[in-house]
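Here are a few friendly notes to read alongside the model.

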2 protein chains.
Amino acid sequence: MNKLINDPARVVADALRGVAAAHPELRVDHEQRVVFRGDAPVRGKVGLISGGGSGHEPLHAGFVGMGMLDAACAGEIFTSPVPDQMVAATQGVDGGAGVLHIVKNYTGDVMNFEMAAEMVETEVVAVVVDDDVAVQDSLYTAGRRGVGATVLVEKIAGAAAEQSRPLGEVAEVARKVNANARSMGVALTSCTVPAAGKPTFDLPAGQMEVGIGIHGEPGRRRVPAGTAAEVAEMLVAPVLADLDFTGGDGVIAFVNGMGATPLIELYVMYAEVSAILEKAGVRIARSLVGPYITSLDMAGASVTLLKADDEILRLWDAPVRTPALRWGV
Amino acid sequence: MNKLINDPARVVADALRGVAAAHPELRVDHEQRVVFRGDAPVRGKVGLISGGGSGHEPLHAGFVGMGMLDAACAGEIFTSPVPDQMVAATQGVDGGAGVLHIVKNYTGDVMNFEMAAEMVETEVVAVVVDDDVAVQDSLYTAGRRGVGATVLVEKIAGAAAEQSRPLGEVAEVARKVNANARSMGVALTSCTVPAAGKPTFDLPAGQMEVGIGIHGEPGRRRVPAGTAAEVAEMLVAPVLADLDFTGGDGVIAFVNGMGATPLIELYVMYAEVSAILEKAGVRIARSLVGPYITSLDMAGASVTLLKADDEILRLWDAPVRTPALRWGV
């Protein structure tokens with residue numbers, strides 16, 4: 001296990017110390033393992049929180065800040081945070097305009113966010129993200145899994161909240177993004193959870209898992225490793241088959257790295273994805289290329305497409321200031 | 001070899017297609033393999049170019065844009081670009097105020113940038129970056145290697161150029177950054193050059209190479225893998241021993257990922273680095289955490305410290321708009 005850690009049991013706590021040290025503009029509650037905007041709660045603004053198992057960094061703590069999340073709850077690696085964490089986050093970002101919970105569709109996350117919502121007096125609306133077209137149900141999910149679209153929901157709903165829109169509208173924006181986004185991923189290697197000390201699943205060299213989940217859950221099928229062009233086709237075709245992405249104001253095309261795949265390969269993938277989209281008559285309005293929702297040290301990539309309208313593009317372009325996404329400020 | 005590529009011989013060309021597709025604000029000369037700012041040459045501004053072997057992404061093309069580089073030359077993987085590329089880049093960014101060459105200290109890069117400077121009529125000043133304290137000479141270098149400080153030189157000198165300072169002053173800023181920066185890295189795994197198809201060096205599981213170069217060149221010693229705290233000490237101690245980082249206006253502390261090491265581990269490392277610096281009386285003024293100068297799919301990290309003064313911090317904070325570093329715009 002080649003990891004830069006101190007102790008498998010302390011990885012999340014240690015990383016949060018690092019986040020606190022590197023980002024003095026954020027505030028870290030080390031006991032509850034919640035990362036807050038330094039100025040939370042922002043009076044009169046809808047608070048946005050998310051959270052989930054750790055191991056997907058920069059998701060979620062890397063997206064805390066002006067124009068995106070107000071707080072993020074860090075669970076243990078690949079393990080849902082507990083309701084107490086979500087209660088602390090919800091109360092800590094409650095500026096009087098209600099709180100939106102952005103929840104990836106995994107059974108534990110959904111259940112714990114629901115319990116937390118019942119435990120607070122704050123008005124809470126939850127939006128569940130379920131953009132992964134690979135499988136209908138999985139080991140950890142009833143219904144589709146939430147993956148890459150989570151990043152887009154957090155950015156775009158975060159911008160809507162920053163405009164002081166009311167809770168119902170911010171939730172509507174989040175639902176619209178989720179409804180118009182689809183994703184699919186591939187793994188070239190497994191990942192290794194520090195506490196387990198061995199790969200989560202067995203993937204022989206020269207094979208890849210198409211439709212992989214972000215915790216190493218099985219995908220659709222295992223096939224021999226292909227070229228970037230072939231892999232891009234395997235990821236984009238099911239996405240395009242699931243929703244009509246032509247027309248409108250184009251798409252936000254997001255090629256995501258799973259953790260261990262270097263950026264040069266993500267750009268090779270992006271070249272293939274954009275060529276496929278051009279051929280399919282899908283216009284790219286904006287792009288995002290990089291490791292934004294990862295699976296520890298898994299090698300692989302995912303593709304997310306979001307069918308955009310003018311409102312989505314304006315909210316995407318709005319200023320954001322977080323550790324992992326920043327522009328305009 | 002688990003890589004998302006089409007053909008080992010086409011990786012750089014394919015990635016540049018991806019860069020062009022993802023970043024319409026840049027202009028890619030696919031024949032010369034040079035990535036330009038879309039508005040280059042900027043009249044009256046000193047042009048900044050850099051370049052080197054590919055495989056270190058986002059360095060250098062990911063740092064092309066307002067406030068940083070005007071152009072970047074992409075060599076083959078771990079291979080210096082040829083002088084013709086540097087000539088094309090130099091001429092393409094010549095806005096009448098001269099051009100600064102930012103050159104990492106590798107024999108091929110230094111020689112080819114020198115030849116290019118002789119082949120153009122543009123006024124050129126070269127600044128060689130050599131911040132790696134690990135080894136005095138190496139397989140590819142006379143003198144110290146240029147590593148993490150390159151990112152800081154490009155950002156800070158880029159900001160100086162954006163203020164319309166003359167060539168001599170911009171070069172002086174670049175030299176000051178290099179003179180006040182020191183780095184050291186560690187590898188937990190080798191990397192695999194696509195055309196070679198097998199790991200560049202042999203590193204048994206449970207061992208690490210302390211003082212690794214960004215092409216897998218040998219470092220100072222091979223030791224059993226340690227905790228993040230131990231590794232941080234092995235990297236920071238030689239850096240602190242090489243230059244007095246106390247006093248002044250604090251340091252810019254940069255924890256860099258080598259490619260395959262996930263962000264959560266880089267934050268664990270940052271926590272340890274910041275604790276060591278605090279104990280040593282070194283104040284952190286700014287930080288940067290992430291994979292910014294990588295070695296393909298190598299697992300590992302490096303630490304760069306830059307002793308800052310007020311001018312350096314102001315230039316660091318100045319607006320920048322590139323694919324990989326962006327703020328203020």
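1. A side-chain polar atom of K155(A) sits 3.1 Å from the backbone oxygen of A318(A). The backbone oxygen of L315(A) is 2.8 Å from a polar atom of that lysine side chain.

2. A word on the ground rules: this is a predicted model, where local features need pLDDT of at least 70 and side-chain atom pairs count only at pLDDT 80 or more, while totals for chains, interfaces and linings use all residues. Residues are numbered from 1 along each chain as written, chains are lettered from A and ligands numbered from 1 in the order written, and side-chain values use heavy atoms, without hydrogens or water.

3. Is K155(A) buried or exposed? K155(A) is buried (under 20% relative accessible area, 1.4 Å probe, protein chains only), yet has no salt bridge (a side-chain nitrogen of Lys or Arg within 4 Å of a carboxyl oxygen of Asp or Glu). D317(A), the nearest side chain of opposite charge, is 7.4 Å away.

4. K155(A) belongs to helix α4 of chain A, residues 149-162 (helices are DSSP runs of H or I, at least four residues, numbered from the N terminus).

5. Chain A is divided into domain 1 (12-180) and domain 2 (181-316), with bounds from an automatic or database domain assignment. Their centres, taken over C-alpha atoms, are 22 Å apart.

6. Across the interface of these two domains, the rule finds four salt bridges. On the side of domain 1 that touches domain 2, the elements giving two or more residues are α4 and α5 (167-179) of chain A. The largest share, seven residues, comes from α4(A).

Notes. Buried < 20%, exposed > 50% of the residue type's maximum accessible area, 1.4 Å probe, protein only. Lys, Arg positive; Asp, Glu negative; His and termini not counted. Polar contact = N/O pair within 3.5 Å; in protein donor to acceptor, adjacent residues only side chain to side chain.
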